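Here is a short tour of a protein model. Keep the sequence and the 3D view side by side as you read.

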Amino acid sequence: MPELPEAEVAARQLRARLVGAQVADIRLGRADIVREGIRSLDWYAGSAVHTIDRRGKSVVFTFVKHGEPRHLVAELGMTGLLLLPSAQVRFPQHTHAVLSFTDPSCPPVRYWNPRRFGRLSLLDADGLRRYVDRRFGCEPLAVTKEQFAALLRCRRRLKPLLMHQQTIAGIGNIYANEILFRARLHPNIVANRLGIGAVSRLHTVMQSVLREAIDCGGSSVKDYFAPNGSEGSYKDRHLVYGKAGQPCPNRCGAVIRRLQSERSSFFCPRCQTRRRQA
DNA sequence: AGCTCTTCCTGAAAGC
DNA sequence: TGCTTTCAGGAAGAGC
């Protein structure tokens, strides 16, 4: 389930290989994988890769042709991967798009996504602006403590808020659980009940968890791997995700619990307090 | 305003 | 053993 760190690692690897390359074409395995802009597909042939960035959990390719920029946004959903030829998958029939280049030394990129939660969008500059405005809140690694505190002045519960892409873009279930455990905050605390100390702690922890996960190459849970086929090692540092029934890593004596409403929350009932934070 | 439920989809795992 | 059922998960939209 690619979240911010996995998307960031993917964008970095692709950027290192492909910026400047000229596009031969984009071929689709199935047309309904494109959410928006399918009629512009032919435009991309002959354009050059200008940048490859990450926004939230998505990878954003920018191409330029005759001075005009256009974009390909790859939403990864929960099973989506962007792969270079060195990466092999078990179910190759789920390759829904291939981006190939004229230079034989530039490897093609496959968009592979068995469950198809996640789509591709082909957008012009205006389209990208609208897409970003509609879907993405602030970047967790760029947001300041003051901006973050302002986002928390509401009555929403903490974990759904952290995972709400239009508020903060990039955090999914795995990292939300890991961040809240390390910040010692209960997933269902109401955001505006946090004191300034807790808000500050949460901001610091959120950024350090995401940075550390990027440095580890992400978390490979189930079938995630990076474009070059490498796995991320941050899963070895998970403290609560998927660990229901195991003793709390803080050795507090309690056992990690799992709440099964909406997305499953893993937390320590002793360490992650629900009480008002100083 | 903010929460819950439903839908999308397929492989893995549990259940019988 | 082998078939059937359930579940996981991100995002969007409906309804409360």
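The report below covers the numbering, the domains, a sheet and the DNA surface.

## Ground rules

This is a predicted model: local features need pLDDT of at least 70, side-chain atom pairs count only at pLDDT 80 or more, and totals for chains, interfaces and linings use all residues. Residues are numbered from 1 along each chain as its sequence is written, while chains are lettered from A and ligands numbered from 1 in the order in which they are written.

## Two domains

Chain A splits into domain 1 (4-135) and domain 2 (145-267). These bounds come from an automatic or database domain assignment. The domain centres, taken over C-alpha atoms, are 28 Å apart.

Contact means that C-beta atoms, placed from the backbone, lie within 7 Å. By that test, 19 residues of domain 1 touch 20 residues of domain 2. Helix 1 (4-18) and strand 6 (81-83) each give at least two residues to the domain 1 side. Helix 1 has the largest share, with 8 residues.

Helices (H or I, at least four residues) and strands (E, at least two) are DSSP runs, numbered from the N terminus.

Four strands form an open antiparallel sheet, in the order 1-7-8-6. Strands pair if DSSP finds at least two bridges between them. Strand 1 (23-28) and strand 6 are at the edges with a single partner strand each, so one side of each has no neighbour in the sheet.

Strand 7 (residues 95-101) and strand 8 (residues 109-112) are joined by 4 bridges. Ala-97 has Tyr-111 of strand 8 as its bridge partner.

## Around the DNA

DNA strand B has 12 residues around it; Arg-115, Cys-154, Arg-155, Arg-156 and Arg-157 come nearest. A residue is near if its C-beta atom, placed from the backbone, lies within 6 Å.

Definitions and conventions:
Contact = placed C-beta atoms within 7 Å.
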